[in-house]
Amino acid sequence: MAKSALTRNDSSRSARAVEAEETRFNILEVATEEFADKGLSGARIDEIAERTNSSKRMIYYYFGSKEGLYRAVLERAYTAVREVDADNQRDHLEPDAALRDVVGATFDYHNQHPEFVRLVMNENILRGAHIGEVPGIRERNRKVVDQLRNILARGVASGHFREGIDPVELHMTISALCFYNVSNRYTFSYGFERDMSSPKALARRRMSVIDVIESWCRR
């Protein structure tokens, strides 16, 4: 085969690969919204296909089944949040500043990605039926805990933090306080007549969560 023909074939394969990746990305984007809003049982593959200008057959080709698509959405969501948690190295910061930065980043991520909170809520309604099939989730979680363990150890050595804090407990407390501001914003806003989504309310709550966590860890 002539060199020009080989080049054309390589370019064609490359273009198809790019198109396939874009299609897969679009399906995951729309599926994330559908599963976050309606849960696994309420989401419909037909609607996802229509919104992505694809077909049920194509979705099944990429993901195998509705459950396979749901697991792919979970994997993508958990990978994104853990990358934010673990990839931002804070060794250059004093331990108290590093902890405050972790809490602030977690609060911001939850607020900016309410779909992640809803996906977690939906998976808990299913009693974690699919999370065990998300590859690498425990390894990514360990990286987050290791970062907190390092911050705590530095804080104990410098006299900033008290001894005996479990980094898993710390991570759970940070997540719980940041999660609540998204998961309960509508019921809380109505019940207490306070807009939890306004910029002023968010800034105030963000600082409160940071202060609570730091105070709990302080020596």
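The lining of the second largest pocket comprises five nonpolar, two polar and four charged residues, where Ala, Val, Leu, Ile, Met, Phe, Trp, Tyr, Cys and Pro count as nonpolar, Asp, Glu, Lys and Arg as charged, and the others, Gly among them, as polar. The model is predicted, so that local features need pLDDT of at least 70 and side-chain atom pairs count only at pLDDT 80 or more, while totals for chains, interfaces and linings use all residues. Residues are numbered from 1 along each chain as its sequence is written, and side-chain values use heavy atoms, with hydrogens and water left out.

A pocket is an open set of points on a 1 Å grid over the protein atoms alone, where a 1.4 Å probe fits, with protein on both sides within 12 Å along at least five of seven lines, and lining residues have an atom within 4 Å of a point. Volume is the space filled by probe spheres set on the points, which are joined across faces, edges and corners. Helices are DSSP runs (H or I, at least four residues), numbered from the N terminus.

| Pocket | Volume | Helix giving the most |
|---|---|---|
| Largest pocket | about 500 Å³ | H8, six residues |
| Second largest pocket | about 200 Å³ | H4, four residues |

Among the residues lining the second largest pocket are Glu29, Arg76, Tyr109 and Phe116, and helix H1 (3-42), H4 and H6 each give two or more residues to that lining. The lining of the largest pocket divides into 11 nonpolar, seven polar and four charged residues, and helix H4 (66-87), helix H5 (95-112), H6, H7 and helix H8 (167-183) each supply at least two of its residues.
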